[in-house]
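Good morning, and thank you for the time.

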Amino acid sequence: MPHVIVSPCIGVKDQACTEVCPVECIYDGGDQFVIHPDECIDCGACVPACPVSAIFPEEDVPGGEEEFIVKNRAHFGL
């Protein structure tokens with residue numbers, strides 16, 4: 001999974017990330033957006049677009065936010 005959206009997105013869902021994603025792999029996950037791990041091409045366009053700095057490459061997810069890796073995968077049944 002190239003990128004993961006973490007807790008700052010909860011309740012915000014600004015949509016700036018969805019507007020810049022060239023492959024439309026960012027979906028509404030209810031309380032926040034989630035990135036489909038099989039569709040993301042790891043371009044990083046969403047990272048600077050996020051106004052709350054909630055998007056990270058999986059290997060750079062901040063400590064204490066690792067549960068969002070699992071949450072993201074679970075949303076897509078992976």
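What follows is a short walk through this chain, from the whole to the details.

Please keep in mind that we are looking at a predicted model. The chain has 3 helices and 4 strands. Followed along the sequence, these elements come in the pattern β-α-β-β-α-β-α.

Let me turn to overall dimensions. The C-alpha trace spans about 25 × 25 × 25 Å along its principal axes. For 78 residues, a compact globule would have a radius of gyration near 12 Å, and the chain has 11 Å, which agrees. Of the contacts between residues at least 6 apart in sequence, 65% join residues at least 24 apart.

What, then, lies inside? Buried residues account for 36% of the 78 residues. In soluble globular proteins, nonpolar side chains tend to be buried together. Here, the largest nonpolar core has 18 residues, and the members touching the most others are I5, I26, I35 and I55. Two or more residues of this core come from each of β1 (3-5), β3 (33-35) and α3.

F76 brings us to the aromatic rings. How many aromatic pairs does the structure hold? There is 1. The ring centres of Y27 and F76 are 5.6 Å apart and the planes meet at 70°, so the pair is edge-to-face. Because Y27 belongs to strand β2 (residues 26-28) and F76 to the segment after α3 (67-75), the pair ties together parts 49 residues apart in sequence. Y27 itself is partly exposed, at a relative accessible area of 31%.

Another ring, that of F33, has the charged end of K13 over it, 5.9 Å from the ring centre. K13 is located in the loop between β1 and α1 (16-20) and is partly exposed, with 24% relative accessibility. Although K13 is not a glycine, its phi is positive, at about 45°.

A positive phi also occurs at S53, again a residue other than glycine, with a value near 50°. S53 sits in the loop between α2 (46-49) and β4 (55-57). Is S53 buried or exposed? With a relative accessible area of 52%, S53 is exposed.

Thank you for your attention.

How values were computed:
Residues numbered from 1 in each chain as written. Predicted model: local features only at pLDDT ≥ 70, side-chain atom pairs only at ≥ 80, totals over all residues. Heavy atoms only, no water. Rg over C-alpha atoms; globule rule 2.2 N^0.38 Å. Buried < 20%, exposed > 50% of the residue type's maximum accessible area, 1.4 Å probe, protein only. Contact = heavy atoms within 4.5 Å. Phe/Tyr/Trp six-rings, centres within 6.5 Å; stacked < 30°, edge-to-face > 60°. Lys NZ or Arg CZ within 6 Å of the ring centre and 35° of its normal. Core = buried A, V, L, I, M, F, W, Y, C linked by side-chain atoms within 4.5 Å.
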